[in-house]
Amino acid sequence: MYSRKFSRLILGLYNRKTSAITAVQSPGGRSGFSWSAVCRQRTRWLRRDGALEVQRGVPCQMSARSISQSTVDPSEVKRFQSLASKWWDEQGEFAALHAMNDLRVPFIRDNLLNVHPGRQGGKPLTGLRILDVGCGGGLLTEPLGRLGADVLGIDPVPDSIGTAQLHSSHDPDLCERVRYQTCTLEELSAEEEGGGGETANPLRRFDAIVASEVVEHLADLETFALCCSHVLKPGGSLFITTINKTNLSYALGIVVAEQLLRIVPSGTHDWEKFISPVELERLLESNGFSVQSVQGMLYNPVSRAWSWTNSTAINYALHAVKLKEEHPQTDQTVTPHQTGVDEGKELKLNVG
Amino acid sequence: MHKLTKATLAFNGFGRCFNAEKHFTATKIISRGLVCTEHGDDSGKKEVYDVIISGGGMVGSTMACSLGLDPNLVDKKILLLEAGNKKVMDKVPDVYGTRVSSISPGSATLLSGIGAWEHITKMRYKPYKKMQVWDACSDALITFDKENLQDEMAYIVENDVVVAALTKQLDSLSDNVQVKYRSKVVKYTWPMPHQAADSIPWVQVTLASGETLQTKLLIGADGPNSMVRQKLGIPTVKWNYDQSAVVAVLHLSEPTENNVAWQRFLPTGPIAMLPLSDTESSLVWSTSHRLAEELLELDEESFVDAINSAFWSNENQSELIETAGSLFRSTLSTLMPSAGIGPKTRVMFPLGIGHASEYVRHRVALIGDAAHRVHPLAGQGANLGFGDVACLTQLLSQAAFNGKDLGAMQHLLEYETERQRHNLPMMAAIDLMKRLYSTNAAPVVLLRTFGLQATNMLPTLKEQIMAFASK
């Protein structure tokens, strides 16, 4: 029901957009892409989503993700495999991600310094263990390593990990602190559990997890949140940057960014997989996290720079903290969240 | 009809880059792709320096101290390479060094921030409070001073003293800053801007001793004939003035409260007398090559006569102009000391102007005279270099705090933009002054006379000029 309403909205938007575009098209003839192709793709997604809904028969939020045990979507893996060698070209396909370091590294660094105060000097994150989920070519892993943290970068795409390892191998400074592993978050979490679950050596857990520009590519967010909770120390931080699911994010994040300005390679993002901050917050809080801050980010394609902004309509960054008391495990299907939220709040009060 | 092809879109992308202020980087970075690269040859776990500074003069040494003392760069490995010997000055020599610099308050702040100014004040320096500049052709004059004559305008310090103070400071920073003296660089190997499978991504510096060092960032501070700049093939706008500067140390005939810097513009070039102490002053006389050589040949007395006449004669003035301008000549002659000369202290060196069109490349930055070279008439050469040091240190510190690779283009380009914006107008102004005062054609003289006197009468304009020069 939800999805039908949405699809009507979107189709309505599409109609409006077509008329607007055709009006522009005639005089200028400016089109480097096929608008109809975009719309065909969209209707395909919507139909697929409709089909899924019929299969599930369970009321749920609008989601193009199937509920599975794996967070990884094979089509995404394939797409990133082909781009694996291009990670470190700062002016290439991943230019926007390189530029995003100007925002996300200070975001992570400053929030971690708030939690672990009193550090100074050239390596403020010394002694902290950080997990970079979906590290790709190591664009974010390396700066964190340079700031002194022990970072483990994981990615399901083997070529990306290869690129990342090669890039960091030349720097003796990084070699000691930055490690890479080709695996998924569930595999890592299973390793952690396999080692003894609750009684596992708590020192092996991480002080922080970073999942930057990752959740919009995942197949199953519930599992993701659960696994994060497993491998994170109590009181540890979770940093997520992702894209909101709004009309504006569709217009700017997909149409403009992928088709028009080619800021991002075409087909990188699937609007259905975007998640709003409210949804994400709900999801995390039901898994034992407490969201500390949410901040909007904006990319300026002219200056090719990111900046912080008040609106979370397109991109946003989120910082959550795992609550100190262990939250009882939830099962994989989505459950009503009321109790989860209340428990979380209660726990917060107790812990102080 | 006008179907945009992929190529045109890409071109539009480049066009976009041209428009963007901060990121006209894309084409710049690609076009600055560097030529040679070292392949294969497993370097093993060779030590990689974070920063190597090539050239241990005033600016290079200041850069080394500045980086060494920055709190965000505490764990970085910094190396300074100097081809000459270590300059230690346990006791200040009685004879004054011939080469001196005017250190602006901004530069003095930088030097005191790195702890070198303290050493300088203990050694030898001379603050001056007023600067008087006048025109040989018209006696128009302009005076620069701080309001109540209590504050110092700037300082005259011998170059040797500055370098010795910096050396002393570097000794105290030996845990994170290394210095290699008597190490001449014979070869630089530049890295490819993109990661290639088996090439080393660092800059490699080969010394005359055969040792090869690797670094993430190379800072070229090796003077106006910079090898770093030449090897990079950076296009440089430069030309020689057909002038040489003669420098000497003068004894004043009577001790006086010597705290004014004097400069007179002759058509052959400016002559300046900078105070060193109550009894000594430094002479900097920029003049034609031929005249400079003649001056060096003269015996002491004739040399002193030549200096005095350069300051006092009014043979360049026409009737018209003399009546238009003269007011202070008599006053001046009582204030200005007449000069003797110190033994064996006359040297000459050629003058020119130079500006590197690019200050930075992938993993390389130029500072000081390597990037820009000016005429000494405004006493700004060293100060521009110190300004480069302050700017680059601050940007590198910020980059390190953000976990960035120090050799990355983004912050290096910011340095280039900021410094070029400051240096180019200054260099243009100095060059303009030099050209304006190189002639004694009446219309130009009248123009500059009135200009100078008008500027002299506008305190706000003078303050602006002094503020710009003091940075």
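This is a predicted model: local features need pLDDT of at least 70, side-chain atom pairs count only at pLDDT 80 or more; totals for chains, interfaces and linings use all residues.

1. A:Cys135 counts as buried, because its relative accessibility is 5%. The closest cysteine sulfur to that of A:Cys135 belongs to A:Cys183 and lies 9.3 Å away, which is too far for a bond, given that a disulfide requires the two sulfur atoms to be within 2.5 Å.

2. A:Cys175, with a relative accessibility of 30%, counts as partly exposed. For the sulfur of A:Cys175, the closest cysteine sulfur is the one in A:Cys135, and because the separation is 15 Å, the pair is too far apart for a bond.

3. In chain B, 8 strands make up an open sheet with mixed pairing, and their order is E6-E5-E13-E14-E15-E12-E16-E19. Strand E6 (141-145) and strand E19 (372-373) of chain B are the edge strands, each of them pairing on one side only.

4. Within this sheet, strand E13 (residues 260-266) and strand E14 (residues 269-275) of chain B run antiparallel and are joined by 5 bridges. Where does B:Leu266 find its bridge partner in E14(B)? The partner is B:Gly269.

5. Helix H14 (residues 442-457) of chain B lies across strand E5 (130-135) and E6 of chain B, and its direction makes an angle of about 30° with E6(B).

Notes:
Residues are numbered from 1 along each chain as its sequence is written. Chains are lettered from A and ligands numbered from 1 in the order in which they are written. Side-chain values use heavy atoms; hydrogens and water are left out. Buried means under 20% relative accessible area, exposed over 50%, partly exposed in between (1.4 Å probe, protein chains only). Two strands pair if DSSP finds at least two bridges between them. Helices (H or I, at least four residues) and strands (E, at least two) are DSSP runs, numbered from the N terminus. Contact means heavy atoms within 4.5 Å. Axes are lines fitted to C-alpha atoms, for helices over the stretch in contact, and angles run from 0 to 180 degrees between N-to-C directions.
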